[in-house]
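Morning, everyone. Please look at the model on the screen while I talk.

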Amino acid sequence: MGRNIEIDGRLGGGAAHEILFGEVTIESTALRQEGTKTVFPGPKTYGISNGLATLVDVDVSPAGPEPEWAYRVTFRDHQSGKGWSELIGVPAGTSALPYSSDLVPRFTTAIPAETTAAMVQNWVDTTEAAKATAVAAAAEATAPTDAMVAGKFTDPTSDTALALDANFVGTDDIEITQVSVGFNFKAGSPDNAIAPDVHGSVIAGDGYPGRENVIGRGVIENVNTSASNVPLNLADLLQPDANARANHSYVADYDNVAAGLKSVILADHSYIRAGATHNGILSGAVHKIDVGDFSIILGGYGNWIKNGDYCVSVGGLNNIIDVAVGGFATTGGNGNEVTGSGGTAFGASNKVAGPGGFAAGTLNQVNSGSAFGQSNIASGAGAMAFGNYNEATNTYSYASGNQSKATGQGAYAMGGLCEAIGSNSHAMGLQAVARKSGQSSRANGAFSVPGDAQTSEIIDKLQTTAGAAACFPNSFALEPGHTIQYRFMITARDTATGDSKAWTLGGVAKRVGTGAAVAVGGSVPAAVLVAGDAAASTWNAHAAVAVNSLLLYGTGEVGKTIRWIARAEYVEVS
């Protein structure tokens, strides 16, 4: 049975610093051998009220002789903050002992009233010196039951190490299990388990039936249930694949299974599967790591790394990482899911499906682009969506603001309810629409639908080598029920000689309902010459309304390579 020690704090350490209300901690300074088990009793703390406390069952009964000095007693006064630490001995066979008795060996001298932290450390050092004397004496022991002290068991050639047995029954004390290449340490519930084929692993405590901590092939399916994590057949704890054993693992808190090599779990209701190596779960509860290496979950609840290497889940709730082996990802927040290698999601309910995708905010959906804000979609490669309810769905597209869409390749929509449809188009402001390639549209609201009250600009180019009229490729299509005023600035240049010529051209075109487009005034005005070289006298530019579009033409010269550039401005209303 254990020892009982009566503490009288009114006399402890000298009357000048009695303890009426505080605490006392007692811990054994020696290992104990109990049957086939070697233990190091953990410290226990008791409160002191009115100066008195009784320390009950402070250690396990040793199987053989115990050292003359076996306990360290540390006092702390709650009112003054004063404290001291000293070693005491308990004669063999004593069942109760008053601490203030003169029969108790004490190694600390009286403590001055003006207690300081530095002085407390000095007192601790004093007791360490006394302990060193005990260690030196114990080192001469020839059997592990003779005063086994902390430190001796680390020497694999010592008598203590030779006496350690691989089959231990757990208690609330620390178990030290010797295996072929080292030791395992287990503390806490006797129901905790370390597989016999594992070495260099530690269970730091806690656990109870149905909520055990296990290092090895525990029953992962039972984690976070009331069923045991320890298999009925303890042989099932063994891992047939020597390279997948849970060596060098560390587990604390309770209801955890660490089955992978070099696993660390400091959480509750969590597991790391066999085959997943060098992973960690630090804080929180109900976390899972299934496949992959070098990943970590930092706190939170219900986070899950299904697959991936070098992954990080930072706190939050119910985040999921599921990328290809060799891929990596990062999550943080609530309900985020990353399935693309190199993806990152922070916030709530974001989904990143493509490589290198990034989402921050709420309810964003990303492929390999980026989204910031709420309910944005960036599904195109390299696409970006910022704000609320924006969509960037084509390669390198960009949408920002509120409910704007960029559906053309390289398109840009910025503002409210804008839409960039053409490749490399821009729509800006409020309810602007850019339908053509390279079109830049601006609006400040619409009458009925986006694009019915806006201005636009298109830059178009053409190259000719013949004397026939050639149409600029980016003609402007008139929408049903729309009227446009247009103005062209056209410049042409011979690439060989530098001869040049320029015109302006303007007019109005319309469509009535779904009818054909027509020129207002009956005809399209002729181009107005701005200036030109004599050698360019046969060059010409003109426009036409046909096929419900406004068409622009350039006529060059046979045998000459002429480059044409046109800036088109449109004012559009419906």
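Start at F372. This residue is partly exposed, because its relative accessible area is 30%, and the cut-offs for that class run from 20% to 50%. Keep in mind that this is a predicted model.

Which residue does F372 pair with? Its ring pairs with the ring of F358. The two centres are 5.2 Å apart and the planes meet at 35 degrees, so we call the pair tilted. F358 sits in strand β28, residues 358-362, while F372 sits in strand β30, residues 370-374. So the pair ties together parts that are 14 residues apart in sequence. F358 is partly exposed too, with a relative accessible area of 25%.

Now widen the view. Ring pairs join F358 and F372 with F386, Y398 and Y412 in a cluster. The structure holds 10 aromatic pairs.

Here is another of those pairs: F488 and Y570. Their ring centres are 6.3 Å apart. The planes stand at 85 degrees, so this pair is edge-to-face. F488 belongs to strand β44, residues 483-494. Y570 belongs to strand β50, residues 562-573.

Where is S456? Look in strand β41, residues 453-464. S456 is buried, with a relative accessible area of 6%. Its side chain makes a polar contact of 3.0 Å with the side chain of S441.

Next, a tryptophan with lysines. K288 lies over the face of W304, 3.6 Å from the ring centre. K306 also lies over the face of W304, at 4.4 Å from the ring centre.

Two backbone angles deserve a look. H248 is not a glycine, and its phi is positive, near 60 degrees. Find H248 in the loop between β15 (213-215) and β16 (250-258). H248 is partly exposed, with a relative accessible area of 41%. D253 is not a glycine either, yet its phi is positive at about 65 degrees. D253 lies in strand β16. Its relative accessible area is 29%, so D253 counts as partly exposed.

Now the whole chain. How many helices and strands does the chain have? There are 2 helices and 50 strands. The chain has 574 residues, and 46% of them count as buried. It exposes about 24,700 Å², with carbon and sulfur atoms supplying 56% of that area. Take the contacts with a separation of 6 or more: 34% of them join residues 24 or more positions apart.

Last, confidence. The mean pLDDT of the chain is 80, and 69% of the residues reach 70 or more. Over residues 9-18, the pLDDT is below 50. Beyond near neighbours in sequence, that stretch has 28 contacts in the model. Residues 137-172 also stay under 50. For residues 137-172, the model has 76 contacts beyond four places in sequence.

Conventions
Residues numbered from 1 in each chain as written. Heavy atoms only, no water. Helix = DSSP H or I, 4+ residues; strand = E, 2+ residues; numbered from the N terminus. Buried < 20%, exposed > 50% of the residue type's maximum accessible area, 1.4 Å probe, protein only. Contact = heavy atoms within 4.5 Å. Areas by Shrake-Rupley, 256 points an atom, 1.4 Å probe, with all protein chains shown as cover. Phe/Tyr/Trp six-rings, centres within 6.5 Å; stacked < 30°, edge-to-face > 60°. Lys NZ or Arg CZ within 6 Å of the ring centre and 35° of its normal. pLDDT = per-residue confidence, 0-100. Polar contact = N/O pair within 3.5 Å; in protein donor to acceptor, adjacent residues only side chain to side chain.
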